[in-house]
Amino acid sequence: MIIKTTNLCWQWPRQTARLRFPDISLPAGEHLFIHGPSGSGKTTLLSLLSGLNRATLGSIRVHGQDLARLSGSARDRLRADRTGVIFQQFNLVPYLSALDNVTLPCRLSRHRRQQAGDPADAARQLMTALGLPMETFTRKAPELSTGQQQRVAAARALIGAPPLILADEPTSALDVVNRDRFVALLLEQAARTGSSVVFVSHDPALASHFGNHLELLTETETEANP
Amino acid sequence: MKPSLALSLATASLWHRRRILLLVTLTLTLSVSLLLGVQYLRTEVRQSFNSAVSGTDLIIGARSGELNLLLYSVFHIGHATNNLGWNSFQELAGDDRIDWLIPLSLGDSYRGHRVVGTDRRFLDYYQYGDDQPLQLVKGQWFSDVFEVVLGAQVARTLGHRTGDEIVLSHGGGRTSFVKHDQHPFRVSGVLAATGTPVDRGVYVSLEGLEAIHIGWEAGVPAPGRTLSADAARIRELTPDTITAALAGIKRPILTFQVQRDINQYAGEPLSAILPGVALAQLWQVLGQFELLLMGITAFVVVISLTGLVTVLLTLQTHRHQEIAVLRANGASPSLIASLYLLECTGLAVTATALATGLWYLALLAVAPWLLDTFGLAINLRPLTGVESLLLLSVPLAGLVVGAIPAIKAWRLGNRPSGWAAE
């Protein structure tokens with residue numbers, strides 16, 4: 001299993017409300033679609049899976065590692081080596097070119113660099129495969145359209161073939177055509193690298209692209225396993 | 001943490017925000033220039049004062065304060081309160097313990113430059129800097145009553161050459177309405193530049209000074225009582241008084257004994273001072289002001305650094321997403337914190353480098369003016385240890401104040417919800 005969670009709970013500091021998440025068991029190479037209304041904890045769940053935040057209660061194993069037992073720096077290392085991330089928006093470091101944004105994980109992780117071979121070459125291939133024109137490679141984030149920025153972010157998440165990609169509503173700013181195209185391209189590239197994609201969206205129309213589904217309801221409710 | 005990555009990201013980040021950071025860097029550059037300038041000038045002014053006279057064991061004049069005597073006799077600043085009798089000078093010159101004695105008679109001026117009545121002993125015994133003697137670059141020392149030798153700066157700024165005739169003014173002010181135009185002096189020689197007040201002096205014989213003042217009453221010439229040049233040349237022109245004298249003692253061990261004897265001289269109330277001690281006294285007086293000036297300047301730098309941190313903290317509020325992206329991709333909180341440290345230190349280093357360049361450029365432009373106007377010889381030289389340390393303290397201070405946004409960023413990176421800032 002690339003992800004296995006049991007009785008996972010999250011409570012914000014100095015708040016009484018507690019989020020309780022359904023248990024997840026996701027085999028390596030499979031994808032998971034998570035959807036739910038605003039406030040249901042979709043983004044929080046991704047932050048727990050990435051190791052950025054520690055669960056308040058419950059067990060969470062990612063890449064076969066118990067995140068609760070890892071120090072902050074070990075979780076940072078695990079994330080750098082084995083997890084790609086795509087945000088909803090503002091995905092790029094504004095002062096880096098598109099190419100430098102894509103190769104950023106290879107600069108943060110020796111493992112990703114080794115997996116990528118030549119990072120710049122791998123970045124160009126991924127960007128081309130994701131339909132980015134060559135002239136955008138050297139442009140900085142503010143010079144790219146929203147759709148281009150999302151594809152650059154996808155290329156960054158895919159470089160170095162991380163086993164897990166966490167995508168937090170990456171299509172929310174795209175129109176329907178570009179949304180479907182983006183998801184198809186992402187999954188196509190993930191299939192090439194053998195990465196599992198955990199895709200969060202409030203849009204149930206995207207569910208059909210994914211084999212496993214998880215619906216988050218309200219703050220204290222749990223739902224079925226995928 | 002990856003230092004090369006941090007450096008590369010910090011450099012790119014600074015360049016990306018260059019327009020916003022330009023003004024704050026400029027402010028810091030100017031304040032560091034001021035800090036360096038104050039210290040540099042302080043060192044140079046001390047050097048300039050210290051090198052003005054060397055080899056002189058005692059300065060002798062009418063009874064007055066040590067500083068006053070030093071300032072008017074060597075630096076031509078201020079005026080003597082009284083004169084030294086020629087008889088006393090002659091008596092001192094006969095003292096076996098005294099090796100040499102240079103008479104100095106001040107009072108008149110030439111276009112803002114002090115006229116110094118003296119004799120050949122000034123050329124032979126006066127030393128400056130590292131015991132360097134005076135030298136003539138043109139012509140020869142005066143031999144006639146109405147000959148004059150010019151200091152290097154006087155000759156340069158007023159464009160005089162040997163053979164030129166000049167008319168001295170009565171009194172020591174920059175502007176004088178009473179001139180000794182009946183007795184023009186011919187330039188017989190020009191002294192080599194020394195970077196000391198000697199360069200600003202106009203040197204004539206004691207007899208020459210005496211001659212042009214015969215027949216003067218209450219600061220103006222009495223009609224029919226002044227002497228013609230030819231008449232002056234054949235007349236006995238021994239002065240009654242002079243302003244001061246510089247003395248060299250045969251054996252240094254006797255200096256204090258001679259000083260004590262002069263201070264207790266029965267003929268008239270005299271003061272003998274040690275130039276080094278008087279200079280030390282001068283620095284003691286000025287030291288408080290120097291310290292105050294340095295304190296104010298350092299405060300200006302601190303204010304500039306505070307401005308820099310304020311800008312960085314303001315920018316930090318716009319950088320949450322960038323930090324979130326870096327964190328999500330595996331950057332550690334310490335890497336994020338190091339970005340702020342590097343950016344702040346980088347700006348301080350840039351400002352320091354610019355300030356150093358700016359100061360040397362300013363020096364190139366201003367040094368000739370300082371020499372002409374105030375007689376301060378400010379040399380273009382490598383930085384001293386203290387100046388280098390002062391400059392080094394700026395990036396270090398940048399590192400310290402950069403810790404404020406760095407710690408804030410580190411805490412942000414560690415606290416829950418390090419995911420995308422929404």
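**View 1. H3(A) and H6(A) are roughly parallel to each other, because their angle falls under 35 degrees.** This is a predicted model, in which local features need pLDDT of at least 70, side-chain atom pairs count only at pLDDT 80 or more, and totals for chains, interfaces and linings use all residues. Residues are numbered from 1 along each chain as written, while chains are lettered from A and ligands numbered from 1 in written order. Helices (DSSP runs of H or I, at least four residues) and strands (E, at least two) are numbered from the N terminus. The axes of H3 (residues 98–108) and H6(A) come within 7 Å and cross at roughly 30°; axes are lines fitted to C-alpha atoms, for helices over the stretch in contact, with angles from 0 to 180 degrees between N-to-C directions.

**View 2. Here is where H3(A) meets H6(A).** Contact requires C-beta atoms, placed from the backbone, within 7 Å. From H3(A), Ala98(A), Asn101(A), Val102(A), Leu104(A) and Pro105(A) meet Val152(A), Ala155(A) and Arg156(A) of H6(A).

**View 3. Five strands of chain A make an open, parallel sheet in the order E7-E8-E9-E4-E10.** Strands E7 (83–86) and E10 (212–215) of chain A stand at the edges with a single partner strand each, so one side of each has no neighbour in the sheet. Pairing takes at least two DSSP bridges between strands.

View 4. Ile86(A) has Ala167(A) in E8(A) as its bridge partner. Helix H6 (residues 146–158) of chain A packs on the sheet, touching E7 and E8, and its direction makes about 170° with that of E7(A).

Key:
Two residues are in contact if their C-beta atoms, placed from the backbone, lie within 7 Å. Angles under 35 degrees count as roughly parallel, over 145 as roughly antiparallel, 65 to 115 as roughly perpendicular and the rest as oblique.
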